[in-house]
Amino acid sequence: MKLSWRELGRVLLILVCVTSTFACAKKNIPSQPGFGPGGGGESGSGMGSRGGPGGLDEARWRELGINSEPEKREFLQKAEKFENTDVYFDYDSYVLSEPAKKILDDKIQFLKRYPAVKVSIEGHCDERGTNEYNLALGERRANSALQYLANSGVNQQKLGVVSYGEERPIASGHDEASMAKNRRDHFTLNY
Amino acid sequence: MLSRKLYLVNCLGFVLLLLLFPCLCGIVHAQRVVIDITKPSFERIPIAVPDFKYLTPDQTQLAREMGEALASDLDYSGIFRPLDPRGFLEDPQSMGVTDRDIKFPDWRKLGAEFLVRCAYTIQGSSLKLEARLFDVVGTRMVLGKVYEVEARNWRAVVHRFADEILMALTGDRGVFDTKIAFVQVQGKIKEIYVSDFDGSNPVAVTRDQGLNLSPAWSSDGAQLAYVSFKEGNAKIYVANVTDGSQRLLCGYPGINIAPAWKPGSRELAVTLSKGGNPDIYLVSSTGEVIQRLVQSWAINVSPSWSPEGRRLAYVSNETGNPQIYILDLSTGQKRRISFSGSYSTSPSWSPKGDWIAYNAVVGGHHNIMMVRPDGGDVRQMTHGEGDNESPTWSPDGRMIAFSSTRQGGSPAIWVLLTNGTGTRRLTHLGGGQELPDWSPRLSGR
């Protein structure tokens, strides 16, 4: 790169100006930036992205195969449980444990009853290890769940995968109990 | 003006003219006192750097600031030990600047082996600096330079002269024109930043308040590849360092991570999982796949090129946990080289090709390690002071920057000399700093 000092100075000056603007702007950041495909909400935030029971119009309810108020309530209740139940993994592992499979069996029941619902499976890791390896490990964890669901007859077209590696811990502690909570698949529904 | 400059050249003999303003043109000084800094017995060379001398009564505070900045550079190099100016016998504003005026016996008594003597004038916005390096023991001038530059760029000139001092005494330039890219962590936000080699002047490259990771300099220092989640999944983007423009490089289905530019090329090694498994691919400057370099059932991430671009160090967990492997691209042979820990990641091939730095879990903590490319001569560079990760080499191969949690829970960027000394903290920002990547030399010549 061939740059005169004058040019370099000018570029730096611009960058400095931009940085100071940024420093001010930083104060107004939202505490829960949205990530993930299909408008999937923040990890662990449950159904926050759709704003509650009033969010769907009648046409969409019919597409989901839901026609009465009690059916709507039942669906929303089950959907909330679906999203609030994570699957956990051992350290540096993406093998599904027996308890993990039990949780996924419940999710399969739900997805077979409501086949129009889409699922985003988020793979997460604890803070140990490196960011890049953990992004790959998180994807493996999400794919383990995806494979299990697909093998049980869930339409793979309705399933998506995203890995956050160690970047989105749900528990902030550095002890084993916190890290165990962070080694997880989290599920968000899109309906 | 020109005749005055010519006069100066004739008069000082050794002094060569380097005009940094308006354009860059320089002549390299030939006479060297090359000091072997690779010997294990090497001790830092005591050097005296008095305040610079102001020849005009403008911006007199620069006299001390420039002296301190130069002493700080020389200390950072790990080669010199700047002496405390409080012990100096002469007033820096009255003492002379040429070899005839230097009282060499006085400086020798203070223990100095070398002396830097600089004087400057300011005219309008223009700074003119005469800079000399003296061999106190040999009582002669080793190096003389004149710089003319815009006064606000004084720090760049000081870095430049520090580089020249290293060049003259060791035969190898310093790293004072380089930068370090890193990830700035603020709560859930991770942005790419770039600072000077010593952690000063941090500037944001990304400003989307999202999740940005793994900055990687191109070998000409003009571009930074990085990973961002701004479009949902992890994708690789490229930022142009000079104009700030950004473009998508790899947005294949699955993860697109771990960019590493092939030396002297516009191609990159990256990890993509588009084929179902996280494998390492070679992609073009526009992100098209050229070939798959590493393929297995295992996780394959974090490629780092050998300087000649014929071998690749990377991380694979094919034995059950992550370890460092080397792929010879001409033969296709793979070989594991890390055996000292249960979890070894983040390989970084040294610019001279003689070492691979990585981090491994030893004694319950991540520590920085060095190993020869054949797997021999393993050295542990940190010893359980917090977690130490993501090593990256200075372009002269004498230093390793890394992230460390040794002072509190949040990581900061630190640097150490490969002889195990000179450990110092570079970043003092709020939040945390991680995933450093050291730039190549940026002022090219």
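Modeller: Residues are numbered from 1 along each chain as its sequence is written, and chains are lettered from A, ligands numbered from 1, in the order in which they are written. As the model is predicted, local features need pLDDT of at least 70 and side-chain atom pairs count only at pLDDT 80 or more, while totals for chains, interfaces and linings use all residues.

Colleague: What is the mean pLDDT of chain B?

Modeller: The mean is 90, and 91% of the residues of chain B reach 70 or more; pLDDT is the predictor's confidence in each residue, from 0 to 100. Over residues 1-31 of chain B, however, the pLDDT is below 50. The model as a whole scores ipTM 0.86 and pTM 0.84.

Colleague: Why is the radius of gyration of chain B said to agree with a compact globule?

Modeller: The radius is taken over C-alpha atoms, and the globule rule is 2.2 Å times the number of residues to the power 0.38. For 445 residues a compact globule would have a value near 22 Å; chain B has 24 Å, and therefore agrees. Its C-alpha atoms fill a box of roughly 75 × 45 × 45 Å along the principal axes.

Colleague: Why does B:Pro347 count as buried?

Modeller: A residue is buried if 20 or more other C-beta atoms lie within 10 Å of its own, exposed if 12 or fewer, and partly exposed in between, with C-beta atoms placed from the backbone. B:Pro347 has 26 C-beta neighbours inside 10 Å, and therefore counts as buried. Of the 445 residues of chain B, 48% count as buried.

Colleague: Where does B:Pro347 lie, and which residues does B:Pro347 touch?

Modeller: B:Pro347 belongs to strand β23 (residues 344-349) of chain B; strands (E, at least two residues) and helices (H or I, at least four) are DSSP runs, numbered from the N terminus. Not counting residues up to four places away in sequence, its contacts include B:Ser302, B:Tyr314 and B:Tyr358. Two residues are in contact if their C-beta atoms, placed from the backbone, lie within 7 Å.

Colleague: What makes a set of residues a nonpolar core?

Modeller: The set must consist of buried Ala, Val, Leu, Ile, Met, Phe, Trp, Tyr and Cys residues joined through C-beta atoms within 7 Å. The largest has 127 residues, and B:Leu70, B:Leu224, B:Ile400 and B:Ala401 have the most contacts inside it. Helix α4 (residues 154-170) of chain B gives the most to this core, with 10 residues.
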